[in-house]
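User: I am new to reading protein models, and I would like to learn how to describe a few features step by step. Could you take me through them?

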Amino acid sequence: MDRREALRRVGMIMGGAVSLPLASSVLSGCQTAPSTASAYTLQTLTSDQDELVATIAELIIPTTDTPGAKAALVNEYVDIVLTDYMTEEQRTQFVAGLGEADAVAQAAHGSSFVDCTEEQQIALLTEMENEAYDSQGENPHFFMMMKQMTLTGYYTSEIGATQELMYVHEAGVYRPDIPYSEIGKAYS
Amino acid sequence: MSKKRETRNRFYMKYKNVNIAQEMEEYDAIVVGSGISGGWAAKELSEKGMKTLVLERGRSVTHSTDYITEHKRPWELANRGGEVDNATKEESYVHSRDRGVFNEGTKHWFLNDKDHPYIEEKPFTWVRGYHEGGRSIMWGRHSYRWSPMDFEANARDGVGVDWPIRYEDLAPWYDYVESYAGISGELLGLSQLPDGKFQKGMELNVVEKHMRNQINGAFPERMLTIGRVAILTEALNGRAACHYCGPCSRGCSTSSYFSSVSTTLPAARATGNMTLRPHSIVHSLEFDEEKGRVSAVRVIDAETMEQLEFRAKVVFLCASALGSTQIMLNSTSNRFPNGIANSSGSLGHYLMDHHFRIGAGGTIDGFDDRYYYGNRPTGFYIPRFRNISESTRRDYVRGFGYQGRASRQGWGRGTGLRGFGADLKNTLRDAGPWRASMTAFGETLPRYENHVRLDSDQKDKWGIPLLRINCEWGENEFAMREDMGNDAAEMLEAAGFKNVSVYNRFQEGGVGGAEPGLGIHEMGTARMGRDPGTSILNENNQAHEVPNLFVTDGACMTSSACQNPSLTYMALTARAANFAVEEMKKGNLM
């Protein structure tokens, strides 16, 4: 990612108002953007795995006219879920899935998943999705775990809930029947 | 009693014995427990001038301040308000089975099961909250009267024993507690679900209204209405109308839903007659053989392990059905070797709950241009329609009602949609199709085999024998469940729903499915009845054999009906408390 791209994305995260400490840390090096921009310390994932999670999450929910999964720090949410909420078995399975994603990328393109082009990454993820739908295993496929965590992590984040969807905190009233156009999008 | 009142509000302790018992000043009344029933007992007794001691086994709760997750946004909670973490699951291994009520936003209201074990001879999920206000903080808030049919059911079917009261006995007390608690709902004029003193009901959304019309058109005896709930739609006694934030069980600073902490305990406190003592675990009741009365309540201070005794003219057990029963079973004497007031041997037996987690769901086309605004804290209710007349007779007895709701699907549907990327994101930005689902709550029969008893040697850390629970659904419940699933699907189909599927969470021998206990409506283990030979309590919730002992929580129930029971506990408690005060005034309980 070049500097201009990094700045543009940060601008999006902050809704245009770039706070200086965050921006300088992002600009200090491309590989530290934007997932390491918070004070969060990884508990289960290694920094390479974290980058891979952030990359796949962003492919699932990309930045469009609103910020995507990376900006919503879905990778940090995934690390928390892996650490405190999953069973040992699920955790092992998920981490193995990350390794497999890289192994498949290496075999196909001679580079790690995150170093593949976006086009290659999408093709690899599509293959993973097809495999997930074809497999009838007892445990959920890595792709399904990743997708579920990405959706939950994103849509319950402040960005996902308030910028992408409509978040109503204390409505004050209940209106049982209104035109959809009044809200125009789904509630978070 | 008026002289005594002058010295109220302070414990006057006089050491009698170093190891056991500091003798306390005598109160007029002791209430054990501060949940739905205990809160009402405290209010009624103290408002009538009784110097009242409320013993709460858990911590005290300060209204508002202690609602630590109230109004937290999803991203302010580590798991976004979802399931609890692994460490909590390990400690609260029983409560973790119920993902519906036990989550990241409510976990502090439930027990650490390691400290509060019990023995499941068959799967029974005992959901408990030990703190001021008890489960009135996390309750479901649905509030339905029982009907004349419900009080007559046992006599009519020849099941269990007859209720010693009829609907007419309780009707004025329903009026009384509804008016004070604040119940919102719709008047329907149904004989199987009597109307009450309601605030205006919350409203059905557009699809629920459609369902109401279609279902009632296809099945004239079936009515869909907004849930009758103890949530205000109009301000009442300084409590504000609901602001529609959603997750009530985290606590409500505006007191918009009824809890002991928001409503009855403040009223009791305002009289100056109530003392609430937290961390007070009741071990047992002391019985005076000569007078034939409860003479003291034996308490263990949960924090200091001190043993204390408290004395009063009357004792109200409101410690929850199984909690009160455990205390009674542990209160043995020469006269009552099997538990106080238990010559009949029925104490601990006839345990009931509501069997549920069976129903149906589906989607419906159309209404894409309609939506709603605000988090309505209730859904719809379909009152019982089976076995209410000759033409609705089935091959089982009693019946069931449904709770459900219709809403537009949100981002959660994304996991079921194939694809990822900008297309998925754009799809999920829009509200999805309308979906409705409903779950049935079925009546269970009182059966002797379903019981609790004390373990002969295992004790908890306060030295109280563990409760052994042995309860399972019977033939009548399983026969009813067929209808509970099919009728739901049939109604959805009649209303034009597609992709209708029946679900049934019951799994033989499993936990976290639909085993007894999960309904959190456990009741019946110290039942009311006309005959002291087959029941524990009389028509005033007074022990047949111990006149100054009253039990007004779920333990008193003679049958279970299919309605959520808390409103009935409120009415029975208020009625019994007023009876007890009258008796004391007459000098009958000295």
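This is a predicted model: local features need pLDDT of at least 70, side-chain atom pairs count only at pLDDT 80 or more; totals for chains, interfaces and linings use all residues.

User: Which residue of β13(B) is the bridge partner of B:Ala29?

Analyst: The partner of B:Ala29 in β13(B) is B:Val314. β3(B) is also joined to strand β4 (residues 52-55) of chain B, with which it runs parallel, by 4 bridges, and here B:Val31 has B:Val54 as its bridge partner. Between β3(B) and β4(B) the chain passes through helix α2 (residues 36-47) of chain B, in a β-α-β crossover that is right-handed.

User: Why is β3(B) said to be largely enclosed by the rest of the structure?

Analyst: In general, the side chains of a regular strand alternate between the two faces of the sheet. In β3(B), 6 of the 6 residues are buried, so the strand is largely enclosed by the rest of the structure.

User: What does B:Val31 touch, leaving out residues up to four places away in sequence?

Analyst: With those neighbours left out, B:Val31 touches B:Gly38, B:Ala41, B:Ala42, B:Leu45, B:Thr52, B:Val54, B:Phe316 and B:Cys318. B:Val31 is also one of the residues that touch the most other members of the largest nonpolar core, which has 148 residues; the others are B:Ile30, B:Val32, B:Val297, B:Val315 and B:Phe316. Helix α11 (residues 566-585) of chain B gives the most to this core, with 11 residues.

User: How should I read a helix, and which residues of helix α9 (residues 422-429) of chain B are buried?

Analyst: The general idea is that an α-helix has 3.6 residues a turn, so residues three or four places apart point the same way. In α9(B), the buried residues are B:Leu424, B:Lys425 and B:Leu428. Seen down the axis of α9(B), these buried residues fall within an arc of 100 degrees, so they line one face of the helix. On the other side of α9(B), B:Asp423 and B:Asn426 are exposed.

User: Where does A:Asp177 lie, and what does it touch, again leaving out residues up to four places away in sequence?

Analyst: A:Asp177 lies in strand β1 (residues 175-179) of chain A, and it touches B:Asn205, B:Val206, B:Arg370 and B:Tyr372. A:Asp177 has 16 other C-beta atoms within 10 Å and is partly exposed, because that class falls between buried, at 20 or more, and exposed, at 12 or fewer.

Notes:
Residues are numbered from 1 along each chain as its sequence is written. Chains are lettered from A and ligands numbered from 1 in the order in which they are written. A nonpolar core is a set of buried Ala, Val, Leu, Ile, Met, Phe, Trp, Tyr and Cys residues joined through C-beta atoms within 7 Å. Helices (H or I, at least four residues) and strands (E, at least two) are DSSP runs, numbered from the N terminus. Two residues are in contact if their C-beta atoms, placed from the backbone, lie within 7 Å. The arc is that of the directions from the helix axis to the C-beta atoms. Two strands pair if DSSP finds at least two bridges between them. A crossover is right-handed if, with the strands pointing away from the viewer, the path from the first strand over the helix to the second runs clockwise.
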